[in-house]
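Work through the exercises below with the sequence and the 3D model at hand. Each task is followed by a solution in steps.

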Amino acid sequence: MFAQFAPRIRQIKLTREQLKHLVNNLTETRDDIRRLFDDECATSNEWQDFETVSNGIDQLNASAIQLSERAENKMQIAFVGSVGAGKSTLINALLGENIMPVTRAETTFCNVAVTGSSSDGWTAVVRGSGKALEIPEFRQLLHVLKAKEQREILGITPASVIDVKWPTARCKALVENVVLYDTPGIGERKPTDDAVIELCKFVDVIVAVMDVHSPSLRTVVDFVTAVNCRYTFGVFTKWDLFQENHSSDDGAEITIDDIKDRCVAEFMTAVSDRGQVFFIDSQTQREAARYLLQQNEASTSDERETEGSRGFKEFERNLVEAAEGALKFDTLKYDMQAFIAKAKGLSGNLGRIMDSRKQKRIQRLSNRMNKLTDADNSIKSHLSQVSSVLVGVMRRLQRDQQLAQFKMQIEHDMKNGYSPENALDRCRDGLNRKLQVLVENDRDLKEQLDCIWNCLSKVADGPGRLSFQVKEPTWKSEDFRLDESFEYQGNDIHGCLTNPSLPSKMVCCGLLGAFIFGQSGGLISALGVPMINSIVPWTDLSGWLRYFWPTSQAEVTAVQNFFETKVRALHEEKCEEVAISGISDLKETAEIRVRSVKRSLEDDIRFIQDGDNFLNKRRRTTDRLQSSFEAYEDKVHDI
C-alpha cells in the first residue's frame with residue numbers, strides 16, 4: 001500500500017542520515033562550550049541559557065532516533081480520549097465486532113495494538129512476555145475492574161501493550177503496515193496519562209475521541225501539545241443523542257450547525273489546523289456492522305442513513321487513505337521539517353550564547369580600560385599635587401630661619417679664611433642637601449607617591465614603592481657667582497693676598513723665588529710652591545696671612561646679603577625647575593605603565609573581536625551549521 005510513497009519516504013530517510021554529521025557537530029560544539037563555561041566560571045544566567053539549549057540538543061538527538069525508527073516502522077494510529085468518550089466503541093465499529101470491553105465507566109486498562117492478519121480468526125498476545133490470551137481472558141485482563149490479580153501475575157501495567165492480530169478482510173483500515181492503538185482513558189490517573197503520552201510520542205496519527213456532550217477539549221489540547229502530535233483526527237461521538245436533546249429544546253437560540261462549527265473551529269485551532277473533524281452516532285458499532293454485511297448490496301437507503309453514520313463512513317474513508325501512506329509521508333516530512341527548524345534554532349541559540357560570552361569578555365576588558373583611564377586621570381591629579389608639594393618644600397628653604405642658618409655658615413666660613421666664592425659654594429651645596437632631606441621626609445609627598453603607586457597597582461602589576469630623588473643639583477655654581485649685584489668694595493690687596501687665585505699665587509711665588517734664587521729659582525718656585533701648598537696646607541703662606549689678617553665684617557655682611565638676594569630672586573625659577581624635573585621621572589614611569597596596559601587591553605579586545613580564538617572558531621561553526629540546516633530545509637520542502 002505504501003508503494004507510491006516509498007520513494008519519498010526513502011528520501012526522508014536519506015536526508016536524515018545526511019543530517020547526522022551536522023547534529024554531531026552541533027553536539028560537539030555544545031560540549032566544547034560546556035568545558036569553556038567550566039573553565040571560565042560562567043554566571044548563573046549564562047548556565048541557565050546554556051542548559052536550556054543543551055537540553056534542546058539532547059531532545060534533538062532523541063528526536064533523531066525517534067524519526068529514524070518511525071521511518072522504518074509501520075503506520076501507527078492511536079485512539080485517545082477521556083474515560084467514556086467512546087474510543088473502544090469506535091475501534092469495535094472499525095473492526096466490525098465488539099472485541100474491546102465497553103461500559104459506561106472506565107474500562108480499558110492498558111494499550112492494545114491491533115494489526116492486520118491474513119487468517120480468519122484473531123489472536124491476542126502480551127507484548128514482552130509473549131503469553132497468548134484466549135478471547136475471554138483478553139477481555140477480562142483488559143477490563144479495569146476485572147482480573148486484577150491475574151494482571152499482577154502477568155506484570156501487566158497501564159504502560160503494557162497487548163498485540164491483537166485481526167483479519168484484514170474484516171477491517172478496511174487494517175491495511176499492510178498499519179497499527180491501530182486503543183488506549184486507556186486520559187485525565188483520571190497520572191501513571192495512565194504518562195503511559196499513554198509515552199506511547200503517543202512515537203505514533204504518526206492521533207484519533208482524539210470526544211463525547212460531544214462534554215468534549216474535554218482542554219484535556220485533548222494539553223495531550224496533543226505534550227506529545228507534539230503530527231496529525232490529529234477529531235472524532236465527536238454520540239452526535240445522534242446530542243441532536244435529539246437539542247431538537248427537543250424548542251427555545252434554543254443556537255442551532256446545531258452553530259455548535260458543530262464551534263467544535264470544528266476550536267479543535268482545528270487547538271491542533272494548528274493539522275487535522276480533520278468528524279461527528280458520529282452513538283450506535284456507530286451497530287451501523288458499521290450492518291454496513292459491513294450490506295456493503296455489497298444496495299439495501300441501505302439514503303433515508304435510513306443519519307448524519308452521524310455518514311460521519312463515520314467519512315472518518316473510515318479518511319483513515320483508510322491515511323493508512324495507505326499519504327499521512328505517513330506527510331507526518332514524516334512534517335517531523336523532518338520541525339527537526340531541521342529546531343536544529344537551526346539551536347545552532348542560532350548556541351551562536352548567541354557565544355556572542356554573549358564574547359561581549360562579556362569585551363565588556364570586562366572595556367571596564368578595565370575605563371578603570372585605566374580613571375587611574376590615569378587620578379595619577380595626573382596626584383602628579384599635580386606632587387608639584388604643589390615640591391613648591392611648598394622650596395618655600396620652606398627661603399624661610400628666615402633657614403636662610404639665617406646658611407648666613408651663619410657664610411660668616412663662619414669666611415672668618416675661617418674661605419673666600420666669598422668658596423663660602424657661597426659651600427652654602428649652595430648645603431641648599432641642595434637640605435632640599436633632598438626635606439623632600440625625603442615630607443609626609444605629603446610620600447602620601448601622593450603612595451596614591452600614584454596604588455593607582456598603578458589597580459590596573460597592572462605596579463612598580464615597587466615609589467620614591468622621589470632630586471637627581472641634579474637644583475642650585476648651581478653660576479647661581480651664586482659674584483657679579484655687579486655684589487655691592488661690597490673692599491681692600492683688593494687683602495683679597496689678593498689672603499685668597500689668591502692659582503695664577504696669582506704662581507706669579508708671586510715665581511717673583512719671590514727669582515729674587516732669592518735667581519731666574520732658574522723663580523721658575524721652580526712658580527711651579528713647585530703651589531703644588532707643595534696643595535699637598536701640605538700648613539706651608540701655604542696665604543693661610544697664615546688669613547689667620548692674622550681676617551676678613552672684615554662688612555665683607556661678610558655683603559656676601560650674606562648677596563646670598564639672600566640670590567635665593568629670593570631665583571625662588572620662582574627654582575620652584576618651577578624642581579616641580580618639572582621632580583615629576584618628570586614619575587610621569588614617565590606612570591605613562592609607560594599605563595600605555596603598556598592600554599596597548600595590551602586594545603590588543604586583547606581586537607583578538608576577541610576578530611582573532612582566531614575559540615569563540616570565533618565555534619561561532620563560525622554554528623554559522624556554517626545554520627546555513628547547512630537552511631539548505632536542508634529547502635531540500636525537504638521540495639520532496
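**Exercise 1.** How many disulfides does the count come to?

Solution. The model is a predicted one. A disulfide is a covalent bond between the sulfur atoms of two cysteines. The cut-off for the pair of cysteine sulfur atoms is 2.5 Å. Take Cys451: the closest cysteine sulfur belongs to Cys455 and lies 6.8 Å away, which is too far for a bond. The count comes to zero disulfides.

**Exercise 2.** Classify Cys171 and Cys451 as buried, partly exposed or exposed.

Solution. Buried requires a relative accessible area under 20%, and exposed requires over 50%. Cys171 has 3% relative accessibility, so Cys171 is buried. Cys451 has a relative accessible area of 23%, so Cys451 is partly exposed.

**Exercise 3.** Locate Phe515 and state which residues make a nonpolar surface patch with it.

Solution. Start with the secondary structure: Phe515 sits in helix H17, which covers residues 502–517. Next, take the accessibility: at a relative accessible area of 72%, Phe515 is exposed. Finally, assign the patch: Phe515, Ile516 and Phe517 together make a nonpolar surface patch of about 420 Å².

**Exercise 4.** Describe the protein chain as a whole.

Solution. First, the secondary structure consists of 22 helices and nine strands. Second, 45% of the 639 residues count as buried. Third, the chain exposes about 33,500 Å², of which carbon and sulfur atoms supply 51%. Last, consider the contacts with a separation of 6 or more: residues 24 or more positions apart account for 82% of them.

Conventions:
Residues are numbered from 1 along each chain as its sequence is written. This is a predicted model: local features need pLDDT of at least 70, side-chain atom pairs count only at pLDDT 80 or more; totals for chains, interfaces and linings use all residues. Side-chain values use heavy atoms; hydrogens and water are left out. Patches are made of residues with over 30% relative accessible area and no salt bridge: like charges are joined within 9 Å, nonpolar side chains (Val, Leu, Ile, Met, Phe, Trp, Tyr) within 5 Å. Accessible areas come from the Shrake-Rupley method with a 1.4 Å probe; for residues, only the protein chains shown count as cover. A salt bridge is a side-chain nitrogen of Lys or Arg within 4 Å of a carboxyl oxygen of Asp or Glu. Helices (H or I, at least four residues) and strands (E, at least two) are DSSP runs, numbered from the N terminus. Buried means under 20% relative accessible area, exposed over 50%, partly exposed in between (1.4 Å probe, protein chains only). Contact means heavy atoms within 4.5 Å.
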